[in-house]
Amino acid sequence: MKNKGQVWVSDKDLSNDAQWRHEVRRENIPSNVADVVADANEMLSGNRRDFLKMLGFSLSAAVVASCDIPVKKALPYVVKPENIVPGNAVYYASSFVTGSDYCPVIVKTREGRPIKIEGNPKSTMTGGGTSARAQAMVLSLYDMYRLRHPGKLEDNTLKRMSWEDLDIAISGKLTANSNIRIVTHTTMSPSLDKAFEAFKQKYPNTEVVTYDPVSSTAMLLANEKDFGQRVIPGYRFDKADVVVSFNADFLGTWISPVEFAHQYAKKRETQDFDRPQVLKHIHVENGMSLTGSNADERILVKPSQQGIAMAHLYNAVAARKGAVSITVPPIEDEAGKALKAAAVELVKAGAKGLVVSSSNNVAEQQIVNAINHLIGAYGTTLDFNEASYQRKGDDRAIRALLNDMKSGKVDALFVHHANPVYDTPFGTAFGEAMAKVSLKVGIDTNANETNVLCDYLAPDHHMLESWGDVHPKRGVYSFLQPTINPLFDTRQAGESFLTWAGSDLLDTKAEQPYYEFVKANWMDRLGGQAAFDAVLESGVYTTKEAALEVPYNGDNNSLGRGITKPGNSEYEISFLESIGVGNGAYSNNPWLMEMPDPVTRCSWGNYLQVPIHFDGVNDFTSIKGIHEDGAILNVAIGGGEEQALPVFRQFGIMDGTLSMTLGYGRTMAGPVGSDFGHNMYPFLQEADGLTQYYNDSVTVGEPTGEKEEHFACVQYHHTFGIKDVDKASGEVINADEAALVSDDWKGITSGFQGALTDRSIVYYTPLHEKDEFAKELHEKREEAEHLNQQTLYPYDKYKEELYDQGHHWELYIDTNKCTGCAACTISCMAENNVPIVGKKEVSRHHEMTWLRIDRYYFGSAKNPNTFYQPMMCQQCDNAPCENVCPVNATNHSSEGINQMAYNRCIGTRYCANNCPYKVRRFNWLDYTTADLFRPNEPVVAQEELPFGADSLFRMILNPDVTVRSRGVIEKCSFCVQRIQEGKLNAKMEGRRLADGDVKTACQTACPTGAIVFGDQNDKESKLNKLKESPLTYYVLEEIDVRPTVAYRAKLVNTENLNEV
Amino acid sequence: MAEKRFIFRAIQLVFALMLMAQTGVFGQASAAKGKSLFKANCAACHNKNMKDDMTGPALCGVEERWADYPKSDLASWIHNSQKLIQSGHPRAIELWNKYKPITMTPFPSLTEEDIESILMHIKEVCEKGPATAAAGAAGSGGAPATKVDDSNLLYYILFGLFAILALILFNIVSSLDYVRQLEEEVPNPKKLSLMSGLKSTGFKRVVTFFLVVFLGHFLVKGAISLGRQQGYKPDQPINFSHKIHAGDNKIDCKFCHDGARRSRHSMIPDNATCMKCHKAIKVGSKDGTAELTKIYASQGFDPNTGEYIEGFKDMPMDEVAGIYKKWIGDNYMSENDLTSLDAAGESEVEKQWKNIVRSLTNEFKSHVYGPIEWVRVHNLPDHVFYSHRQHVEVGKLECQTCHGPIETMDKVYQYSPLSMGWCVNCHRNTEIQLDNPYYEDYELLHKKMKAGEKVTVADIGGTECQKCHY
């Protein structure tokens, strides 16, 4: 079999690291007793009073418990709103918009509190998918550290003002001649634009400066030159057969990742086994991005040689198409060959080919345009008729603003949801220049590095409290409607600008002035209140726009002038936006901070990713002799001072290059976001006024010998498949150890003998060998079934009498479609009240996620392919956890669910130890409730109250799911609350449960439809159709635990797997 | 030592016998058991003397009246009378015609044995208890005090018997020991005194053992009942009577508790729901203006004019007081045919208004406007999921099944224990509505039903943990 013994998670399971094995085995035992004792001492230090308090408490608790039950009040409404039935959820369509991030959503509210985000299936862009960021927006609503009222900033404190006073103060300082700048990230709201216009009318010397922290200015400029359109074309990955991406992380962060992932999945469709719809994705990069990890083939190219690589691809395409070529410096052999092969594929695909690039160099983007034009992709895979407005930022404008401020030309600066002091390469200079502006107003939901330097703060509503409209794409509109009354004394930004402009467009006497304003903007267009209400209800609105003729007028003869000159430094570094915290806008969101990066699997910070080498026997080397992740390395980037950065050795990073994510190292983000990771924005280079997301002059110093405190990487946590029985002796041995020391071991050529040797965990096959593979998989599954039949237990009888009656739930996960984006993990946390534990707890293997995405590598160690495997409780029908519970707290339901009764659990953790999938989580501390005693509470960040204890945060808790307390085990429940709800609705309506009535939280969050939940007993269900695929398998099927989560083996569209 | 061992064994035997006797008494169906079941389930509607009608008919001769029909029919009447009426049972229809629209609370959780016990108790009262019946009818309200409880009497007798037996045994032991001493020619042979027997280590050990067992038993029992509040009957901010509304006026429960049909919560009605009727009925039959004015004051309805007051939320409290005091005063005058308020009237108005303010305000809320802070009577722990619509709409249960004879309660109390055992027992005994098309997938259950077997909630997984805990 192709993948036999060639899958690994990290270097440690390859090298069979003894310390790691020890840690993993002891996952459910406090890993380091000394550590725990030290912690307890630290928290209890010298506290005789605490001891007495505890004594007193236990006494009084006993007394209280024996007395009457506390009186509980029940408050009805005075007048109940018609559409609210207490206990039933109400859903509103709205949108998630932060800068250029956009996702149409449905907001679930209970008793007036938004508690969960679902995708809006009516959207033509996302088809109902979401991203981790969209899922997490509901938590940012309940952020304790939001700005709570308007005011004047004096001595770093916000002195409260009334809105009237603030308006008088600001308007009083503006004159008709004032030089005003509004600085903002990309905005997509037509109504907000209109408000800006109204402001400009009152103050004609106003300029709106739009920029993006991770910018696509070069694309806008290149398209303006080549097509006369200063926009980004609409991409159609679902129409592409071959995609070549130059560093564009389109599944993770680039332009519109949810939309692209939705499209991409349509070309990872393997349901028709004989004719699978699988595109070929070639990724050119130096680091390991999420999108790169999903690619079929990766071509490693240094960041400064991206332009050259594009030119080589162009030349290869041009040679076949008979176009003029570009004079270009040579490129490394390996990359050159691969690019030539890619060109062949591209030309073959013709109009169904697509080249994308995230380069912020106009000449390079023009080469990309030229290639797409040569192969005839415009009109199919790219289309200006569906142009995207999700990036409007102009790097030159923000630089011009900096210079204007320095020279004192700016009288007033309005910072609207932007943070140039943090997220531009010249942040410090920007902060200094701000001092020269006499009036500075910050408009945002939270304090940030920039608006704390302002004079006044006019806090904005959160998205979920706002009215608004979004225009993300040509012909596509989307709306925002509030789902809760504003929690604080805030006012929507558009309303503020209209007020300051004294505009008569704003009816200040109305109950909701901004609503009236937005409505007025749409009434004519839609033709009345009823139509407006209808679009609000559906959340999205599409129009048919006139077809555009966009001729290409690029000049191929001048192509390639101005592409990046290759650097000559020993090391280069590339910077990518973080999947979780983005460009830094989401830093104070603990869900996103704790979400492990899908590729590195590190959380609570960013780490310098360095290449790692396998020496072919049993050891790994990295740069500067670093042998451990989390080690601190001195690195000087861009000729500046040496920075001490924590290192993560990442497979697939090109030699001589490094990689790091942006978005961390905030200083004024609030306690959750501040002081985690390192701010990399100051190290971005500039070329031609445009920000470059790499640095080609890096000097690597020596390791400091220290280690990152509480290095929170979950890569090694909860791995499975270590134990095995030695066939000769019959003893239980460590499988990977045996594999390594045995004579069979022949080094890298016979495949990595990692922990996952010969166990059915991960299956993949090159596309052209799929038939052979399916046969082998079938044999293997038959063998497993044969083994499983050797039992005394009458499983078939149970099945007939119990599971075949009513429902038998099952989950199907298509690993071809899974991109590892982690939207499901956040959705799961929101739905099931899964707690946040903080960096230190994560570093101790204590993360609580019910659903993790395991990341495996296969192929070559130098340039591996990646396999993402969402792993949650497999709801085994013959579950090993159930047998070992001494109190029967976990047992099996007749619907095939391994149920967990928290109140029965006494915390022996036997079940977690006995779980072959390592999906059970133990509440080591009181993570969600406020415990009376400090040592029982985790410290997530530097906050005063333990996280989760403040009443604001607790508004997010799903009232249908128990909040677990300290000392109990918890795990995935297949969203049993949703199952029960679905069943009850069917019973109420007197009908059978229909397929799709019950969807798990992970399923609804998924942008690619990789997760499908269903009833095995419903023969017509989608689940059963999916299971018919010969690529279907169960993880660890041979150990007779009868899991009910099916996976589909991954097809890799490449012919040269393992040959690299 | 020998004698000590003997004493130990003897006493052990006594206790063991006593324990056996005790469990024997409580293990069978009996009139005593029937009595407690009657008290818990029937006495709210059926007269204790069994001779006079109350809400429900007198129960003497009930078995004779049902003698024409199979015994199971009476049982099904008790389990769910409405079902039997609908099935066209002649006796059921006869009863319905006599008593409608009062329906008998269904008791699906009573087993055959329970019903047998209750019938035994009824028979016993009818036959033996004219005196007791008289005492009950005289209205002293309590259980007949003169009569010793059957089970207790037996227990005391047995205890006495065993105590005598123990003494006799001790005496034999002590005599035997004395004889032994004589035979062994021990100097100063002595009979064992009772005191020395009681002081012996063996006896102490036995006592300690049983103390631990009994204390442990009570501790566990006590711990289990922690947080349970059957019979909980708190004062409410409004002296609202379910008897008047649901009993006398026969308003459907779900008219106000509308959530029971469509939500997990039955929902305490909003203040506006009260206004559906009380816009017209402004003076209560029991409390006059004293309680109803609270409803008006909580939402700014002016009963003098029949209009809602504009800007009521922000109206100063003395102005608010003026409006409602006028209303109370006017009513007082018209009731007593006065043209102006007398001193008693003044104090009555003051008293009522003070009470209204006390009921509608608290330390965080000084205005009377706002939701009424009812005291929750039925509290389930946070880790229990319960859905009213599941039980009321899908399971077609009567509200009274769990909430008891709510239509007879002036002040609501918690009727059922709301314990997990109580829930689970009902799930084991209650048949499901298998005709709901939802259950079509359950082939085996349909077969079972056709074979005449009961298909209960437990058969569709109703006793599994994650039906209620998640």
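**Close-up views of a predicted two-chain model**

**View 1. Contact between chain A and chain B.** In this predicted model, 43 residues of chain A are in contact with 48 residues of chain B (contact: C-beta atoms, placed from the backbone, within 7 Å). On the side of chain A that touches chain B, strand S2 (73-74) and helix H28 (976-989) each supply at least two residues. H28(A) gives the largest share of that side, six residues. By residue class, the side of chain A that touches chain B holds 20 nonpolar, 14 polar and nine charged residues. Here Ala, Val, Leu, Ile, Met, Phe, Trp, Tyr, Cys and Pro count as nonpolar, Asp, Glu, Lys and Arg as charged, and the others, Gly among them, as polar. Helices (H or I, at least four residues) and strands (E, at least two) are DSSP runs, numbered from the N terminus.

Residues are numbered from 1 along each chain as its sequence is written, and chains are lettered from A and ligands numbered from 1 in the order in which they are written. Because the model is predicted, local features need pLDDT of at least 70 and side-chain atom pairs count only at pLDDT 80 or more, while totals for chains, interfaces and linings use all residues.

**View 2. Strand pairing across the two chains.** S2(A) is joined to strand S3 (residues 374-375) of chain B by two bridges, and the strands run antiparallel (strands pair if DSSP finds at least two bridges between them). Opposite Ala74(A) stands Trp374(B), in S3(B).

View 3. The open sheet has the order S3-S4-S5 (chain A) and antiparallel pairing. Strands S3 (89-98) and S5 (113-119) of chain A stand at the edges with a single partner strand each, so one side of each is left without a neighbour in the sheet. On average, neighbouring strands of this sheet are turned by 35° against each other, direction ignored. Strand S4 (residues 101-110) of chain A pairs with S5(A) in the antiparallel sense over six bridges, and Arg110(A) stands opposite Arg113(A) in S5(A). Helix H5 (residues 132-141) of chain A lies across S3, S4 and S5 of chain A and runs at about 170° to S5(A). Axes are lines fitted to C-alpha atoms, for helices over the stretch in contact, and angles run from 0 to 180 degrees between N-to-C directions.

**View 4. Strand S28 of chain A and its partners.** Strand S25 (residues 608-614) and strand S28 (residues 642-650) of chain A run parallel and are joined by four bridges. Leu608(A) has Val647(A) in S28(A) as its bridge partner. Strand S27 (residues 631-637) of chain A pairs with S28(A) in the antiparallel sense over five bridges; there, Val635(A) has Gln643(A) as its bridge partner. S27(A) and S28(A) form a hairpin with four residues between them, and Gly638(A) in the turn has a positive phi of about 65°.

**View 5. Asp950 of chain A.** Asp950(A) sits in the loop between strand S41 (921-922) and strand S42 (969-970) of chain A. With 15 other C-beta atoms within 10 Å, Asp950(A) is partly exposed (buried: 20 or more other C-beta atoms within 10 Å of its own; exposed: 12 or fewer; partly exposed: in between; C-beta atoms placed from the backbone). Asp950(A) and His312(A) are 57 Å apart in space, C-alpha to C-alpha, and 638 residues apart in sequence.

Notes. Two residues are in contact if their C-beta atoms, placed from the backbone, lie within 7 Å.
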